[in-house]
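Reader: Could you take me through the contacts in this structure, and tell me what each label rests on?
Author: Gladly; here it is.

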Amino acid sequence: MTDFLRRLFRTPQGLLGCLIVGLILLAVVAGSWVTPYGPNDMQALARYKAPSAAHWLGTDQYGRDILSRLLDGARSTVVMAVLATFIGTLGGAILGTGSAYLGGRADEFIMRTVDAVMAIPSLLLALLVVSLLGSNSANALLAIAIAFVPSMARISRSVALTVRKQDYVSAAVARGEGAAYIVLREMLPNVIAPIVVEMTIRVSFAVMLFATLSFLGLGAQPPASDWGLMVSEARQFLHRSYWILLWPSAAIALTAIGFNLLGDGLRDALNPRT
Amino acid sequence: MSASYILKRIALIFYTLVVVSLLVFAITQILPADAAVMMLGENATADALEALRQQMGLNDPIWLQYLHWAGGVLQGDFGTSLRTGQPVGPALFSALGTSLTLAAFALVFMLLLAIPMGIIAAVRRGKFADLSVSFISYIGVSLPEFVTATLAVVLVADWWKLLPPAGYVPLTQDFWGGLERLILPVIVVSVMMIAHVSRMVRSELVDVMHTDYIRAARLKGLTPRRVLFRHGLRNALLPTITIVALDVGYLLGGVIVVEEIFSIPGIGRSLMSAIQARDLPVIQAGVMIMATTYAVVNFIADVTYAWLDKRIQYD
């Protein structure tokens with residue numbers, strides 16, 4: 001474990017990614033305790049304020065403290081994105097490894113169907129699912145999870161097929177190990193690593209998809225402090241203050257960069273050849 | 001590459017379209033929207049609604065409705081919009097033209113930037129140029145289109161007043177005016193792809209430059225320039241075709257957002273308003289057209305790849 005961490009921190013991507021993601025997770029866990037104001041506390045006399053000592057990031061069109069709203073929104077935005085990615089990955093991994101395990105015609109059929117579904121852009125698929133279920137955060141979560149299943153299935157299948165052909169699996173078969181032992185002890189640990197890497201990178205897509213759905217009015221609904229919704233609302237008040245647009249945009253970008261860097265760092269750390 | 005490979009790929013396109021059509025039809029069937037109520041309004045009498053349902057075939061079993069719809073689509077008839085009462089096909093195909101103009105400009109712009117960026121980063125690996133390119137691409141893949149679009153409009157259109165903030169003029173009508181309005185949307189749609197493709201070109205080229213045939217070319221005494229351009233790039237750029245084709249999926253998704261923000265009357269905007277108004281025939285047709293575009297582009301890319309790379313033998 002310490003060896004793994006040393007490998008992770010050795011690359012600039014891994015180190016920076018860990019720092020940024022750690023900071024964001026801290027905001028998610030402790031954010032609502034340290035916020036100076038409530039996320040929906042309105043101060044009619046302090047609207048459109050630029051950053052100051054009282055409001056570190058300024059205030060929005062209702063005089064709400066932007067820092068408090070960002071910290072509060074971190075919980076919904078980031079936790080939802082991680083959950084959606086996890087559910088989508090799990091679904092994709094089961095489908096992909098199952099397909100690889102079945103092999104033959106069933107594998108061919110499943111993978112061609114997965115390819116077919118991938119012809120629908122994931123944003124469009126998510127839009128359709130949300131419009132089917134209704135616009136709110138929980139449905140947006142499900143929509144993103146569903147939109148991730150096809151590509152994760154494809155990746156999991158190719159990883160599982162490569163692992164299946166490795167010598168250590170053949171050796172286990174030759175030793176006469178049972179199927180459960182081979183799948184659980186030999187294959188699974190080697191399948192999980194690349195999938196975790198892919199999943200980490202996907203979290204950044206999920207954050208962006210989530211924000212995009214909210215921006216289009218199909219995700220979180222006002223007065224939620226979801227970051228995409230904050231950007232969407234800020235557009236009308238740009239002539240009064242650009243800070244209300246800048247901060248949530250920066251928060252989305254920083255989160256996406258953090259998970260991207262962490263994913264790349266993990267990939268290098270888990271690759272035995274580097 | 002054999003004829004049977006091409007035939008197989010074409011069969012795959014049809015399979016893709018059948019799966020997508022089933023999926024879309026299923027989704028639109030479950031959507032809580034009554035086409036008859038939408039066309040006649042909330043106050044229509046029960047008799048009038050029933051008569052229209054009968055006429056539109058809404059009382060038929062689902063599979064019959066699907067076959068009826070799919071048969072129409074095969075003949076180029078996408079049905080009638082519930083909102084406007086106009087045929088869906090002609091309106092959507094002209095919107096598709098607009099979107100494809102945007103997409104084509106974005107692809108060319110992206111390739112013109114991403115390929116040189118990738119090459120420079122690979123050649124100057126570990127140096128300042130490489131680090132700058134990877135810094136830019138990390139930022140690029142982390143900015144969703146709606147953020148880039150909003151920032152671009154604020155900076156370029158509102159503050160500096162360099163370009164119009166939104167709107168669309170067909171190029172055939174006013175070429176320069178239309179082009180001027182396309183600049184920001186094209187840049188916004190390409191940012192994410194530039195970041196992705198330049199990274200791919202870099203890693204492909206780095207891999208290729210470590211192969212034996214590149215070493216052989218070097219040992220033969222060729223100039224580094226000649227090694228790079230004649231031997232390196234030829235092989236490194238081939239996989240880019242496939243990557244770009246797969247990125248068309250992102251491109252089509254990005255087009256939806258960008259058309260919405262810049263009010264461009266393309267297929268993405270038609271789809272967004274159809275989804276909001278639950279205009280089922282337009283949703284069905286729009287998704288089918290987008291999926292067909294993706295499938296056809298990937299077919300062309302695969303065939304081109306197989307044709308260019310003689311080492312790959314598909315059966």
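Author: Let us begin with contact, which means heavy atoms within 4.5 Å. By that rule, 39 residues of chain A and 42 residues of chain B take part in the contact between the chains. This is a predicted model, where local features need pLDDT of at least 70, side-chain atom pairs count only at pLDDT 80 or more, and totals for chains, interfaces and linings use all residues. Residues are numbered from 1 along each chain as its sequence is written, chains are lettered from A and ligands numbered from 1 in the order in which they are written, and side-chain values use heavy atoms, with hydrogens and water left out.

Reader: What makes up the area buried between chain A and chain B?
Author: Buried area is the accessible area (1.4 Å probe) that two parts lose on being put together, summed over both. For chain A and chain B that comes to about 3,500 Å², with carbon and sulfur atoms giving 80% of it. On the chain A side, A:Ala119, A:Leu128 and A:Leu132 supply 16% of the area buried against chain B, more than any other three residues.

Reader: Why is the pair B:Arg199 and A:Asp264 called a salt bridge?
Author: The term asks for a side-chain nitrogen of Lys or Arg within 4 Å of a carboxyl oxygen of Asp or Glu. The N to O distance between the side chains of B:Arg199 and A:Asp264 is 2.4 Å, so the pair qualifies. The rule finds 1 salt bridge across the interface of chain A and chain B.

Reader: Which helix gives the most to the side of chain A that touches chain B?
Author: Helices are DSSP runs (H or I, at least four residues), numbered from the N terminus. α10(A) gives the most, with 10 residues. By class, that side of chain A has 29 nonpolar, 7 polar and 3 charged residues. Here Ala, Val, Leu, Ile, Met, Phe, Trp, Tyr, Cys and Pro count as nonpolar, Asp, Glu, Lys and Arg as charged, and the others, Gly among them, as polar.

Reader: How do you know where the domains of chain B lie?
Author: The bounds come from an automatic or database domain assignment, which gives domain 1 (3–74) and domain 2 (93–308) of chain B. Their contact takes 17 residues from domain 1 and 15 residues from domain 2.

Notes. Helix = DSSP H or I, 4+ residues; strand = E, 2+ residues; numbered from the N terminus.
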